[in-house]
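Look over the sequence and the model first, then read the points below.

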Amino acid sequence: MTTTTTPAGALAGKVALVTGAASGIGAAIARAYAEAGADVVLTDLDGDRLARTAASLPAGRAAGEYALDVTDAERVRATVDDAVARHGRIDALVNCAGILTEVPLVEMDPATWDRMLDVDLRSVFLTCRYTVPHMIAAGGGRVINVASQLGQKGGEGLTHYSAAKAGAIGFTKALAREVSRHGVLVNAIAPGPIETPLIDGLSPEWKAAKGAELPLGRFGRAEEVAPTAVLLASDPGGNLYIGQTLGPNSGDVMHS
Ligand SMILES: NC(=O)c1ccc[n+]([C@@H]2O[C@H](COP(=O)([O-])OP(=O)(O)OC[C@H]3O[C@@H](n4cnc5c(N)ncnc54)[C@H](O)[C@@H]3O)[C@@H](O)[C@H]2O)c1
């Protein structure tokens, strides 16, 4: 397991809640936050893998594990409220839970579309809906939504995923405008292709074509995304980011 080079103490005293923390980018962010001194509340659909991720954090930094389906509104609300009751607040919410399937539009059934939007977009609404009021009451907080560069440029066979991730980016901008005056800073990260179990759902052809078009010439690793999430949650490093979409993406998308 690779460790990050997170500045020690950058998030000391902070409480963070991470969804999708059992695997890939979410697990790497949970570890990076813990290495930076945060107390990390880990949540994921997969409770067994979540326990293994929690055990990999620096001693004392795992501040709770919840087997949580982010599509279940009542469970999201109860989990957030329980974490706030235990720790007093949530300083940073990181939305990482996600799924990926590759289906051409002409073969996609409505249930596949609905499931993608449910897990990859509606979940972002739900976690924010129940966490942001606590942040406003506490005088501030940070929300980091893990979108995708495919929400910016689109991906073949991925209309549902691209739409969900574009939705997460639009949601991020709107919420940032709505709550920044309360000290709640909302931003997104749009990684390029990252070597995690998620991309097992993509065909070898898709991955080869994507690899060939990346200026960096390779996919990223989860540990190369996590420091961006640390930056956005940190003070002063993250203080001026509002409604932004940061792109650790191997050059797949270049902003002007
Ligand atoms: N890997 C990539 O190439 C890549 C690129 C850009 C964006 N992303 C995004 O990053 C995020 C993390 O992806 P990853 O690559 O680490 O994938 P991953 O498969 O390694 O991790 C995703 C996690 O989400 C969890 N999850 C899935 N459905 C859930 C649900 N209903 N409720 C709660 N948890 C659920 C899974 O159990 C898993 O632990 C996703 O939102 C993904 O879309 C990934």
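Which helices each supply at least two residues of the shell around the ligand? They are α1 (24-35), α4 (110-138) and α6 (159-179). Keep in mind that this is a predicted model. The ligand takes up the space of the largest pocket. The strands form an open sheet with parallel pairing.

**Ligand shell**

- The shell around the ligand holds 29 residues.
- Ser23, Ile25, Asp44, Tyr161 and Thr196 come nearest to the ligand.
- By class, the shell divides into 18 nonpolar, 7 polar and 4 charged residues.
- Ile25 and Tyr161 are among the residues that come nearest; the helices α1 (24-35) and α6 (159-179) are among those that each supply at least two shell residues.

**Polar contacts and burial**

- Thr196 uses its side chain: an N or O atom there is 2.5 Å from an oxygen atom of the ligand.
- Ile25 uses its backbone: an N or O atom there lies 2.7 Å from an oxygen atom of the ligand.
- How much of the ligand does the protein bury? Taken alone, the ligand exposes 820 Å², and the protein buries 94% of that.

**The sheet**

- The sheet has 7 strands, in the order β3-β2-β1-β4-β5-β6-β7.
- Its edge strands are β3 (62-67) and β7 (245-246), and each of them pairs on one side only.
- In general, strands of a sheet pair through backbone hydrogen bonds, either parallel or antiparallel.
- Strand β1 (residues 15-18) pairs with strand β4 (residues 92-95) in the parallel sense, over 3 bridges.
- Leu17 stands opposite Leu93 in β4.

**Backbone geometry to check**

- Most residues other than glycine have a negative phi, and most peptide bonds are trans.
- Where does a cis peptide bond occur? A cis bond joins Asp235 and Pro236, with omega about 15 degrees.
- Pro236 is found in the loop between α8 (222-233) and β7.
- Ser250 is not a glycine, yet it has a positive phi of about 60 degrees.
- Ser250 is found in the segment after β7.

**Recap**

- For the ligand, start with Thr196, whose side chain has an N or O atom 2.5 Å from a ligand oxygen, and Ile25, with a backbone N or O atom at 2.7 Å.
- For the backbone, look at the cis bond between Asp235 and Pro236 and the positive phi of Ser250.

Key:
Residues are numbered from 1 along each chain as its sequence is written. This is a predicted model: local features need pLDDT of at least 70, side-chain atom pairs count only at pLDDT 80 or more; totals for chains, interfaces and linings use all residues. Side-chain values use heavy atoms; hydrogens and water are left out. A residue is near a molecule or strand if one of its heavy atoms lies within 4 Å of it. A polar contact is a pair of N or O atoms within 3.5 Å; within protein, one must be able to donate a hydrogen and the other to accept it, and residues adjacent in sequence count only if both atoms are side-chain atoms. Accessible areas come from the Shrake-Rupley method with a 1.4 Å probe; for residues, only the protein chains shown count as cover. On a 1 Å grid over the protein atoms alone, a cavity is a set of points where a 1.4 Å probe fits but cannot get out, and a pocket is an open set with protein on both sides within 12 Å along at least five of seven lines; lining residues have an atom within 4 Å of a point. A molecule sits in a cavity or pocket if more than half of its atoms lie within 2 Å of its grid points. Helices (H or I, at least four residues) and strands (E, at least two) are DSSP runs, numbered from the N terminus. Ala, Val, Leu, Ile, Met, Phe, Trp, Tyr, Cys and Pro count as nonpolar, Asp, Glu, Lys and Arg as charged, and the others, Gly among them, as polar. Two strands pair if DSSP finds at least two bridges between them.
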